[in-house]
Amino acid sequence: MPKVCAVTTAVPPHKITQAQAQEFARAVFGARIPNFDGTLQTFQNSGIETRYFSMPVEWFAKQHSFPEKNEAYLASAVELSGRAASDLLREARVEPSEIDYVIYVNTTGLATPSIDAHLINLLGLRPDVRRTPIWGLGCAGGAAGLSQAYHYALGHPDELVLVVAAELCGLTFMRDDYSKSNLVATALFGEGAAAVLIAGDENKADGLPVIATQSRFFPHSLDVMGWNVVSEGLQVVFAKRIPDIINQSAKDDFAHFLSKYNLTLDDISAFLFHPGGRKVLEAYQTTLGLSDDRMALSRDILRDYGNMSSVTVLFVLKRYLEQFGVGRGGYGLISALGPGFCSESLLIEL
């Protein structure tokens, strides 16, 4: 089976506490949103303590055009992706020439050539390395990138796949958008990058074997999550019913997935879920009947970094490896939700 051999992460330089973010929101939105003080519970009840951004708070207080935001995205995405990927190659003791395929994941900025092309130059990868950029899967993108790497490695068991995800959610902020969705985004999203090394069967490196993957699309749910592309940039879209979708479908979806391998939810030792928000994690915990400690990894990443879109589940995966390493035994479930509306899941051996 293909396996996850290593995970590394990187964050931008500006660390912001949730208290600072709350005061920023008060300064920007306070006079424009009725009963603003009542909306501050969005910040106070988020379960988030700190987040990281490419730009200082002062930058977000000013108006910026879409081209300005995207130029900042390009610079930061290249730097963060390059740092995470360089650290990965060094940690895994892999030479750049050994990488056969690069998958780059993002939904928060536009670049042509895509960031994977920059990484080939930056890392010194082979000129014949294959590459695929994945755009538009939002929070599900990190898990989807792992899934794509797994399926590629099945057919190329002697090859190494580099998966890189970078999200600059803060750079999509719209100062003059007074919608509830924008306020929630201001309270929730952070920035970061992650790199993952996936190896095929014939590679002898240690890792977490990936048994299988599952994709789930929810018909007629295009309005649940995504962007409105407007002149100022990418305007966030959220629906309140995301926790309801989890409550209605997650248990049956996971049970169906696991049953193919003669497993049940009781066989899962590690639930490595994308922490889309506090209510999302609570919905998973309630519908799956999990104790607090089973969701601790996802909750801790949300606390320390906020929701970094596709990157966040990879931070959870790294935190698992830091705490438990490889060879613990049992099974793990990686899963994330994203625009479509959809979910991407992987079953792994621990």
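**Rings, cysteines and pockets**

Q: At what distance from the ring centre does R216 lie over the face of F218?
A: This is a predicted model, in which local features need pLDDT of at least 70 and side-chain atom pairs count only at pLDDT 80 or more, while totals for chains, interfaces and linings use all residues. Residues are numbered from 1 along each chain as its sequence is written, and side-chain values use heavy atoms, without hydrogens and water. A charge sits over a ring if NZ of Lys or CZ of Arg is within 6 Å of the ring centre and within 35 degrees of the ring normal. R216 lies over the face of F218, and its distance from the ring centre is 4.1 Å.

Q: Which residue has R328 over its face?
A: R328 is placed over a ring face, 4.0 Å from the ring centre. The ring belongs to F324.

Q: How many disulfides does the model have?
A: The sulfur of C139 has its closest cysteine sulfur in C169 at 7.2 Å, too far for a bond (a disulfide needs two cysteine sulfur atoms within 2.5 Å). C342 is in no disulfide either, as its nearest cysteine sulfur, that of C139, is 9.8 Å away. The count is zero.

Q: Is C139 buried or exposed?
A: Buried means under 20% relative accessible area and exposed over 50%, with partly exposed in between (1.4 Å probe, protein chains only). C342, at 6%, counts as buried. C139 has a relative accessible area of 7%, so C139 is buried.

Q: Are the rings of Y52 and Y305 stacked, tilted or edge-to-face?
A: Rings of Phe, Tyr and Trp (its six-membered ring) pair if their centres lie within 6.5 Å; planes under 30 degrees apart are stacked, over 60 edge-to-face and the rest tilted. The model has 14 aromatic pairs. The centres of Y52 and Y305 are 5.7 Å apart and their planes are at 35°, so the pair is tilted.

Q: How many residues apart are Y52 and Y305?
A: Y52 is buried at 16% relative accessible area, and Y305 is buried at 18%. Y52 is in strand β3 (residues 50-53) and Y305 in helix α11 (residues 296-305), where helices (H or I, at least four residues) and strands (E, at least two) are DSSP runs numbered from the N terminus. The pair links distant parts of the chain, and the separation in residues is 253.

Q: At what angle are the planes of F60 and F173?
A: F60 lies in helix α4 (residues 57-60), and F173 lies 113 residues apart from it, in the loop between β6 (160-168) and α8. F60 is buried at 10% and F173 at 13%. Their ring centres are 6.3 Å apart and the pair is edge-to-face, with the planes at 80°.

Q: Why is helix α8 largely enclosed by the rest of the structure?
A: Helix α8 covers residues 180-188. Its buried residues include N182, L183 and A187.

Q: Which element gives the largest share of the lining of the largest pocket?
A: The largest pocket has 28 lining residues, with T42, V184, L188, P243 and K279 nearest its centre. Elements giving two or more residues include α3 (41-44) and α9 (242-259). The largest share, five residues, comes from α8.

Note on methods. On a 1 Å grid over the protein atoms alone, a cavity is a set of points where a 1.4 Å probe fits but cannot get out, and a pocket is an open set with protein on both sides within 12 Å along at least five of seven lines; lining residues have an atom within 4 Å of a point.
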